[in-house]
Amino acid sequence: MASVNKIKNRVDVLGERYRARAASLSPQLQTVVRYIHENREAVVEATAMEIAAATNSSDATVVRAVQALGFAGLRDLKKTLEVWFGPVMNSEEKMATTVSELSCDINSGIDFVLDGHKRACDALAEPHNRQAIAAAVALLIEARQVGLFGINASGVLADYSRRLLVRIGIPAVSINRSGIALAEQLIALQRGDVLIMMAQKSAHREGITTIKEAKRLGIPIILLTNAADSVFAKEADVVINVPRGGEDGRMPLHSAVLVCLEMLILSVASANATRTVKTMKRIQDLNRSMKPTSKK
């Protein structure tokens, strides 16, 4: 609980300065400071030129806007934002928070998981999610190849889903590494592909880099997330709301994401049943050819 309280008690320096100073600035500077205030995660990763492009201004205007908010420069602003965001709770902290909130009996743990999954499945069945899933399936049916982006636990789901897509005749690639290994995976993307992203609020460099490469290639982005106001959601062509059960610093539950992925893949398989059956038959033929023949 201590980690959660620290997050709630952090002072919002940027917010305070924005509310106190924005109204007195010129319209051009107001546009920039409003963007900075409303897109903090993106700003932490952005250059002055990227912020300028997003606000139809110049990098010099961005610097003036940052200084008008009382910061020495963009670096000073980013340091302030990093302090405000604070360290993201790691898996150990989330687990500790979750178990401390549950009473020490088996049923409390069972109920936590079951209730979380029930809420997530109810959310997936909502009309707006059904429409989003239908739009996503329409994109996937026409895809040359499907990229599956996910980090950490979501990276495991990316590998599993890649295998399912290949089994129904759709080339697929996992994008679930970091550093040079991620770059090697991204180089496989081409025009005509579709990208499925599993990402939440944190605008991590892996996700931002993947988004930029997809945009450069004109690749549609399908986002599975519980953070509809994230920088990823603003860039996605289709957003499917996938609650993860554990919120407010509690341990996340990942099976709802898997349910959503399987809904997408099964729907695509059903939409092109001929390709699915043909691919599965060929896989079985190849598998049988590797089995040793019986000696007479």
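Author: What follows starts with the chain as a whole, turns to the core, and then visits a few other sites.

This is a predicted model. The mean pLDDT of the protein chain is 86. Of its residues, 86% reach 70 or more. One stretch calls for caution: over residues 1–8 the pLDDT is below 50. Beyond near neighbours in sequence, that stretch has nine contacts in the model.

The protein chain holds 16 helices and five strands. It has 296 residues, and 42% of them count as buried. Take the contacts between residues at least 6 apart in sequence: 70% of these join residues at least 24 apart.

Now the core. The largest nonpolar core has 32 residues. Which of them touch the most other members? They are V146, I196, I222, L224, I240 and L264. Helix α15 gives the most, with eight residues.

I196 shows how these pieces meet. Leave out residues up to four places away in sequence. I196 then touches V146, G147, L148 and F149, among others. Its partners also include I222 and L224. L140, L261 and L264 are on the list too. Three of those names, V146, L224 and L264, are also among the core residues that touch the most other members.

N152 sits in the loop between β1 and α11. Its phi is positive, about 60°, although it is not a glycine. Most residues other than glycine have a negative phi. Is N152 buried or exposed? N152 counts as exposed, because its relative accessibility is 65%, and the cut-off for exposed is over 50%.

T274 is found in helix α16 (residues 273–289). T274 and I168 are 106 residues apart in sequence, but their C-alpha atoms are 9.6 Å apart in space. T274 is exposed, at 63% relative accessible area.

Y18 lies in helix α2 (residues 13–21). Y18 counts as buried because its relative accessibility is 15%, and buried means under 20%. Leaving aside neighbours within four places in sequence, Y18 is in contact with V33, R34, H37 and L69. The C-alpha atoms of Y18 and A68 are separated by 9.4 Å, though the two residues are 50 apart along the chain.

Last, an open space. The second largest pocket has about 350 Å³ of space. Its lining has 16 residues, and Y35, A42, K212, V231 and E235 lie nearest its centre. Helices α4 (40–45), α5 (48–54), α13 (205–217) and α14 (231–235) each supply at least two lining residues. What is the lining made of, by class? It has nine nonpolar, one polar and six charged residues.

Definitions and conventions
Residues are numbered from 1 along each chain as its sequence is written. This is a predicted model: local features need pLDDT of at least 70, side-chain atom pairs count only at pLDDT 80 or more; totals for chains, interfaces and linings use all residues. Side-chain values use heavy atoms; hydrogens and water are left out. On a 1 Å grid over the protein atoms alone, a cavity is a set of points where a 1.4 Å probe fits but cannot get out, and a pocket is an open set with protein on both sides within 12 Å along at least five of seven lines; lining residues have an atom within 4 Å of a point. Grid points are joined across faces, edges and corners, and a volume is the space filled by probe spheres set on the points. Helices (H or I, at least four residues) and strands (E, at least two) are DSSP runs, numbered from the N terminus. Ala, Val, Leu, Ile, Met, Phe, Trp, Tyr, Cys and Pro count as nonpolar, Asp, Glu, Lys and Arg as charged, and the others, Gly among them, as polar. A nonpolar core is a set of buried Ala, Val, Leu, Ile, Met, Phe, Trp, Tyr and Cys residues joined through side-chain atoms within 4.5 Å. Buried means under 20% relative accessible area, exposed over 50%, partly exposed in between (1.4 Å probe, protein chains only). Contact means heavy atoms within 4.5 Å. pLDDT is the predictor's confidence in each residue, from 0 to 100.
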